[in-house]
Amino acid sequence: MFKSLDPLLHSELRLAVMSLLLDTEEADFVYLKEQTKATAGNLSVQLDKLSAAGYITVAKTFSGKKPRTVCRITSEGFAAFEQYVEALKTYLVHDKK
């Protein structure tokens, strides 16, 4: 039986952001933009969606006089990502009886 895929994580860009954040303690906006090759506007919108869902935290700070946006995955986001991967496996590996 196929499990339902989290529509929030099923977006290519949001999934890429979550994957990157799993591998790092934190990632700033510039790093995420470079790694995903997203436009600043699109990335910003997708980060807002992940943040609103409680999957990531977004902190706006300053590095000297330059603004810096730092993202971190939350425990809720980590759990959602794990559930997404498990659900995805039901589409990839299933009984052929």
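A salt bridge is counted where a side-chain nitrogen of Lys or Arg lies within 4 Å of a carboxyl oxygen of Asp or Glu. In this predicted model, the side chains of Asp28 and Arg68 meet that criterion, with N and O 3.5 Å apart. Asp28 belongs to strand β1 and Arg68 to strand β3, so this pair ties together parts of the chain that are 40 residues apart in sequence.

**Salt bridges**

A search of the whole structure finds four salt bridges. Three of them are described here, and their N to O distances are listed in the table.

| Salt bridge | N to O distance |
|---|---|
| Glu26 with Arg68 | 3.7 Å |
| Arg72 with Glu26 | 2.3 Å |
| Asp28 with Arg68 | 3.5 Å |

Glu26 forms a salt bridge with Arg68. This pair links distant parts of the chain, since Glu26 sits in the loop between α1 (12-23) and β1 (27-28), whereas Arg68 is in strand β3 (residues 66-73), 42 residues apart. Glu26 also meets Arg72 in a salt bridge. Because Arg72 lies in strand β3 and Glu26 in the loop between α1 and β1, this second pair ties together parts that are 46 residues apart in sequence. Asp28 meets Arg68 as well, and through shared partners the salt bridges join Glu26, Asp28, Arg68 and Arg72 into one network.

Glu26 has a relative accessible area of 29% and is partly exposed. Arg68 is likewise partly exposed, at 31%. Arg72 has a relative accessibility of 33% and counts as partly exposed. These assignments follow because a residue is called buried under 20% relative accessible area and exposed over 50%, with partly exposed in between.

**Sheet and hairpin**

The three strands form an open sheet in the order β1-β3-β2, with antiparallel pairing. Strands β1 and β2 stand at the edges, each with a single partner strand, so one side of each is left without a neighbour in the sheet.

Strand β2 (residues 56-63) is joined to β3 by eight bridges, and the two run antiparallel. Within this pairing, Ile56 has Ile73 of β3 as its bridge partner, and Ala59 stands opposite Val70 in β3. The two strands form a hairpin with two residues between them. Gly64, in the turn of this hairpin, has a positive phi of about 70°. As a general point, side chains in a regular strand alternate between the two faces of the sheet.

**Overall fold and surface**

The protein chain contains four helices and three strands. Read from the N terminus on, its elements run α-β-α-α-β-β-α. Taken along the principal axes, the C-alpha atoms fill a box of roughly 65 × 25 × 20 Å.

Of the 97 residues of the protein chain, 33% count as buried. Among contacts between residues at least 6 apart in sequence, 55% join residues at least 24 apart. The chain exposes about 6600 Å², and carbon and sulfur atoms supply 55% of that area.

With regard to charge, the protein chain has 13 positive and 12 negative side chains. The centres of these two sets lie 5 Å apart.

Note on methods:
Residues numbered from 1 in each chain as written. Predicted model: local features only at pLDDT ≥ 70, side-chain atom pairs only at ≥ 80, totals over all residues. Heavy atoms only, no water. Buried < 20%, exposed > 50% of the residue type's maximum accessible area, 1.4 Å probe, protein only. Pairing = 2+ DSSP bridges. Contact = heavy atoms within 4.5 Å. Areas by Shrake-Rupley, 256 points an atom, 1.4 Å probe, with all protein chains shown as cover. Lys, Arg positive; Asp, Glu negative; His and termini not counted. Charge placed at Lys NZ, Arg CZ, Asp CG, Glu CD.
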